[in-house]
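Look at how two chains meet in the structure below.

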Protein chains: 2
Amino acid sequence: MDERVREHAEVLVDWSARVEAGDDVVVSVAEDAHELGVAVAEALGERGATVTTLYGSDELSRAYLKGAEAEADGDVDADDFDADPAVDRAIFEAADAYLRIGGGRNTTASADVGSETRQAYVKARRGIREARMDTDWVSTVHPTRSLAQQAGMAYEEYQEFVYDAVLRDWEALAEEMAEMKTILDEGKEVRLVTERDGAPDTDVTMSIAGRTAVNSAASVAYDSHNLPSGEVFTAPYDTAGEAFFDVPMTIDATRVRGVHLVFEAGEVVDFSAEAGEDALAGVLDTDPGARRLGELGIGMNRGIDRFTDSILFDEKMGDTVHMAVGRAYDACLPEGESGNDSAVHVDMISDVSGRSRTEVDGEVVQRDGAFRWEEGFEE
Amino acid sequence: MDERVREHAEVLVDWSARVEAGDDVVVSVAEDAHELGVAVAEALGERGATVTTLYGSDELSRAYLKGAEAEADGDVDADDFDADPAVDRAIFEAADAYLRIGGGRNTTASADVGSETRQAYVKARRGIREARMDTDWVSTVHPTRSLAQQAGMAYEEYQEFVYDAVLRDWEALAEEMAEMKTILDEGKEVRLVTERDGAPDTDVTMSIAGRTAVNSAASVAYDSHNLPSGEVFTAPYDTAGEAFFDVPMTIDATRVRGVHLVFEAGEVVDFSAEAGEDALAGVLDTDPGARRLGELGIGMNRGIDRFTDSILFDEKMGDTVHMAVGRAYDACLPEGESGNDSAVHVDMISDVSGRSRTEVDGEVVQRDGAFRWEEGFEE
């Protein structure tokens, strides 16, 4: 076995999920993630944890949904699915940790499932999703040919990309990110300005007063559930101004590029996209919360050096800032207070390695990609 | 998808497991059983059942056990494993049906796990095994290259073999087997005589009085949990005489051939094997019950026309009779009575297509491979 697979498993089990002897761990293994699954099983055996392995197959999920569609003559609604499936509920109520290892054979395996069917299923499974989120869950991916293809990369090249992002000195990165968390926790207002081709394309301000930033250091000990991670994020409000997102993304199998949003009093009042504008409109029209920001995130993982059309990696990349329309994370909100609510959470990314600055309460924190505490930062 | 895969899924879901709308079904998919898993998921979606998919990987199990071995410096005992793993218990207590689809990539994937480690794990998991047996469970296999290799067959040839065994008119076979069940239920003593090379090599009698035969028609509705099945079995006692088993088998990765057992007053008092005698001795020395018969089975599935070194198929083959040393099945015993008890249950098979006869209370039921009600049976 490639030694990097074993190291990936150890980071996942020890740093990310903090598994201890006696823990009941559920591992979901995608179609082509077998090898990392093997390494994780070995690590769990060594730690004295128990393991239950689920098969996370997009093709099986698609088949199940197509079966339900056929039975309902194509007209599926949430009532067609059990809203409280006994086995899945029992699993997540009994589990201490849930490790999801992505890496299927085809990122578009469910492309022919009707979007209404998909939404009905997601709606019916809301309780299960919440039970899953109540465990110490961590999501990662094993590098597969399908993901390499999605990234437009050769397989070995993609493997290196993934391990550069995952096999980091997380302790050191967590310390660096703590500086950014302190700035955001103490700050009241964030302003992001970017220029492209000599003209400003983003100038947006948002309030973050009273909100708590998450130091997302790829560990449940930091309220962070992605491996890799490497971002600091908070839940902004009262957004005003214009923002341009130059990094392409995929929304419901549609390629979306060049998104431009105009905010007034916290709400998107105008928008456009160079490609995929209908998919963007679909997101913004989901519900009232879909027109407000749920997240502002600062990417700080410099092990990620390119965009790969995967939000797990793209939003963590150093020299990027992202904003998500839709649902805010509870961890960013004062105890008992609810933030922006929505059925969606769609991240949009801006490359800030060129002419740009991020200000907190008027002080520049990041300029042209360099943080205040880094070499190359210009006062 | 090969239409036979879809038919296999339908037999499994409808005939074998009797799945109905609202049932909570757990499916375990082995490493190379993906395709049948997809077909089963589609069928479950159509039936309105819920599905939870486990990944039944021998390589993951091996890795977990090797991890535990490394942690215990090679000295693993049952206390090293959680005897009541919360997630697995929750799964089988919540499940209505459990469908196990075998078909890995290597039938010897766990060959380097110490037998003590393996036994310790099996012992620790006894409660989980019982919880699993309390569901409507069915075990089947998807034809894989690894199983074809084990059978010494080409892949496409093996696929045909599997579907010939599985895709039968089960209703009709169940009716035929009902005749055999009636004979065994009403009978008091069974005698099996076989001749090879002109000389008798088996002449054994056993009592079956008071015992109930199972019409194992590959459906939970018949107390039958294998697909394919096609045998009628009961729980004999007071065995006397000699029995020769000419069909080779694999015990703990050792090839065992030409087993000869001598019974007195229900117990094996002498034994030999042409190959693998040590493995046979290991089985018989497990505990006192390992020297007594737990099962007498009559193979009646004529869709199985050759031995493939897989007990799932071999013991069901038409023109065979098998006896198992070790544990008896509760279904064969009067309510509240316990039969032969043992940690093992090892089936041994005799080909009765040549010179042979099976008598019940002195009446010949099967002669030279033909049943009393079949064409070719000689009075």
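## Where the chains meet

Across the interface of chain A and chain B, the rule finds zero salt bridges (a side-chain nitrogen of Lys or Arg within 4 Å of a carboxyl oxygen of Asp or Glu). Polar contacts do occur: 11 residue pairs, both at pLDDT 80 or more. Such a contact is a pair of N or O atoms within 3.5 Å; within protein, one must be able to donate a hydrogen and the other to accept it, and residues adjacent in sequence count only if both atoms are side-chain atoms.

This is a predicted model: local features need pLDDT of at least 70, side-chain atom pairs count only at pLDDT 80 or more, and totals for chains, interfaces and linings use all residues. Residues are numbered from 1 along each chain as its sequence is written, chains are lettered from A in the order in which they are written, and side-chain values use heavy atoms, without hydrogens and water.

## Area and contacts

In all, 37 residues of chain A touch 37 residues of chain B (heavy atoms within 4.5 Å). The buried area is about 3300 Å², with 66% from carbon and sulfur atoms. That is accessible area (1.4 Å probe) lost on putting the two parts together, summed over both. In chain A, H34(A), Y55(A) and Y64(A) lose the most area to chain B.

## Nonpolar cores

The largest nonpolar core has 199 residues. A core joins buried Ala, Val, Leu, Ile, Met, Phe, Trp, Tyr and Cys residues through side-chain atoms within 4.5 Å; buried means under 20% relative accessible area (1.4 Å probe, protein chains only). V40(A), L44(A), V40(B) and L44(B) have the most contacts inside the largest core. Apart from it lies another core of 24 residues, including W137(A) and W137(B).

Methods: Buried means under 20% relative accessible area, exposed over 50%, partly exposed in between (1.4 Å probe, protein chains only).
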